[in-house]
Amino acid sequence: MDALGNELKRLLVGTYRAAGKNEEIMLDDLSGGKLSLSEMRLIECVGSGRRRGRTVTEISQELDITLPSVTAMVKRLTAKGYLVKQRASEDGRQVIIRLTDAGYQAYVGYLFAQRKMINAVRSSIQEGDVDVLLRSLK
């Protein structure tokens with residue numbers, strides 16, 4: 001690999017690791033170590049469904065994980081008090097997953113922490129570099 005390729009690899013891998021580490025620290029602060037990153041992403045998915053909630057199939061499709069994995073995670077998060085399962089009123093065969101108050105607090109806290117992280121990155125970018133950064137990330 002040439003020098004540019006090596007530098008890009010170093011920067012991309014470093015950025016990925018740093019973002020993941022920051023997200024883990026943020027999540028640990030937010031949940032006191034009660035939630036894994038994959039569990040928080042599921043909570044975020046359910047929260048983005050607003051009051052309507054989400055079906056297991058919708059969660060599976062959005063997060064690109066298998067139905068059995070979603071079912072197992074929903075079961076764990078229900079036991080932890082972050083989610084509730086309810087039968088859909090219009091189709092009793094369907095189960096809707098919704099956030100509890102604790103789940104909603106985790107969701108809002110996670111969104112706030114993400115916004116802080118994004119604002120920190122935004123504040124370090126010069127105006128002329130925004131287009132280059134966005135094109136590169138795409």
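## A walk through a predicted fold

The chain averages a pLDDT of 89, and 100% of the residues score at least 70; pLDDT is the predictor's confidence in each residue, on a scale from 0 to 100. So that you know the ground rules: this is a predicted model, in which local features need pLDDT of at least 70 and side-chain atom pairs count only at pLDDT 80 or more, while totals for chains, interfaces and linings use all residues. Residues are numbered from 1 along each chain as its sequence is written, and side-chain values use heavy atoms, with hydrogens and water left out. Among the elements of the chain, α4 has the highest mean pLDDT (96) and helix α6 (residues 130-137) the lowest (82). The element names come from DSSP runs numbered from the N terminus: helices are H or I with at least four residues, strands are E with at least two.

Let's start with helix α1 (residues 3-31), where you'll find Glu23. It may be a charged residue by class (Asp, Glu, Lys and Arg count as charged; Ala, Val, Leu, Ile, Met, Phe, Trp, Tyr, Cys and Pro as nonpolar; the others, Gly among them, as polar), but Glu23 counts as buried because its relative accessibility is 10%. The scale here is relative accessible area: buried is under 20%, exposed is over 50%, and partly exposed lies in between (1.4 Å probe, protein chains only). Leaving aside neighbours within four places in sequence, Glu23 is in contact (heavy atoms within 4.5 Å) with Leu37, Arg41, Tyr110 and Gln114.

With 30% relative accessibility, Ser36 counts as partly exposed. Its C-alpha atom is separated by 8.1 Å from that of Glu24, twelve residues apart along the chain.

Next comes a helix pair. Helix α2 (residues 37-47) packs with helix α3 (residues 56-63) at an angle of about 120 degrees, their axes 10 Å apart. Axes are lines fitted to C-alpha atoms, for helices over the stretch in contact, and angles run from 0 to 180 degrees between N-to-C directions. On the α2 side, Arg41, Leu42, Cys45 and Val46 make the contact, and on the α3 side Ile59, Glu62 and Leu63 do. By class, that's five nonpolar, no polar and two charged residues.

Now for the sheet. Three strands form an open, antiparallel sheet in the order β1-β3-β2. Strands count as paired if DSSP finds at least two bridges between them. β1 (54-55) and β2 (83-87) stand at the edges with a single partner strand each, so one side of each has no neighbour in the sheet. Two bridges join β1 to β3: Arg54 has Ile97 as its bridge partner, and Thr55 has Ile96. β2 and β3 pair over five bridges, with Lys85 standing opposite Ile97 in β3. Helix α4 (residues 67-80) packs on this sheet, touching β2 and β3, and its direction makes about 115 degrees with that of β2.

Finally, follow the chain out of β3. Thr100 is found in the loop between β3 (95-99) and α5 (101-123). Thr100 counts as buried because its relative accessibility is 18%. Not counting residues up to four places away in sequence, Thr100 touches Gly81, Tyr82, Leu83 and Val84.
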